[in-house]
Amino acid sequence: MLVFITDDYTELSREAARMIANAIRKKPDLRVGLATGDTQRGMYRELIRMHREERLDFSRVVTFNLDEYIGLPAGHPQSFRSAMHKALFDHVNITASQIHIPGGTARDNFVEICDRYEEEIRRAGGIDLQVVGIGKDGHIGFNEPTSSLASRTRPKTLTQQTVEDNRHNFPPGQEPPATAITMGIGTILEARRILMLASGAAKAKAVALAVEGPVTASVSASALQMHRDVTVLVDREAAENLQHKDYYRKSLEMTRKLTPNRLW
Ligand code: GLP
């Protein structure tokens, strides 16, 4: 894992956007996995700026989102689909056929929906670069603690903590969904590169467990230790509990000199 510690959220957002933009410039038909979280908002804002001011071109990019709530009607303002349109898709040159978000209603056959999503990823040639955030309990996507490390896209019951963490996005009186469809950990690990973002003190414990703790289904993000090309981009607050910060800084310098291709 390459751990990259930034001073603050602004720098983290800029770095993340720069990494994605470089990947798109290298491969204009990049298949990119996206995450919907507050953490990614700054990164999306920066990508929009790059589209407007630096002609970053999304016309051939294909996106696959990690997850979506179950039970919200299409077009619901709090759905991840709506959030993604507001945060990014409506502001860059991307069309509906390039965008993939898992989803369905309570009456749908979820096994079919999830298998179809996996098939769409396969047919597109797999995901080149997957962006993930991290939940306070160490989840990636909505793979809550004890999710199988080999799991595939499927419906998932959210923990009470995750439901509470999501509440601020919903108007008062509206109960956040208790279930979601999410790519599995096995699905995420098949991406060629993974970029994990974390910002703020509330994520410090989860980040330390994910990066320096044992690989365990109790902390889904720890499964990323098994992947050969992961960059963990964290701001100073989220990095607070990491034990080897000096080593990560030195290691980044060494990577810049010896294997710059590993960088984005
Ligand atoms: C949700 C999403 C994750 C996201 C996590 C953290 O659970 N399913 O993809 O990474 O929240 O979100 P935030 O960045 O808002 O803290």
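Glu54 is partly exposed, with 36% relative accessible area (buried is under 20%, exposed over 50%, partly exposed in between; 1.4 Å probe, protein chains only). The model is predicted, so local features need pLDDT of at least 70 and side-chain atom pairs pLDDT 80 or more, while totals for chains, interfaces and linings use all residues. Residues are numbered from 1 along each chain as its sequence is written, and side-chain values use heavy atoms, without hydrogens and water.

**Salt bridges**

- The structure holds 22 salt bridges (a side-chain nitrogen of Lys or Arg within 4 Å of a carboxyl oxygen of Asp or Glu).
- Glu54 pairs with Arg25, with 3.8 Å between the closest N and O atoms.
- Arg25 belongs to helix 1 and Glu54 to helix 2, so this bridge ties together parts 29 residues apart in sequence (helices are DSSP runs of H or I, at least four residues, and strands runs of E, at least two, numbered from the N terminus).
- Arg25 is partly exposed at 42% relative accessibility.
- Glu253 and Arg256 form a salt bridge at 2.9 Å, N to O; both lie in helix 8 (residues 245-258), 3 residues apart, about one turn of the helix.
- One network of salt bridges with shared partners joins Arg25, Glu46, Arg49, Glu53 and Glu54.

**Helix 1**

- Helix 1 (residues 9-26) has 18 residues and reaches 26 Å from first to last C-alpha, close to the 26 Å expected at 1.5 Å a residue (1.5 Å times one less than the number of residues).
- Among its buried residues are Leu12, Met19, Ile20 and Ile24.
- The cover over the buried residues of helix 1 includes strand 1 (2-6) and helix 2 (38-54) (contact means heavy atoms within 4.5 Å).
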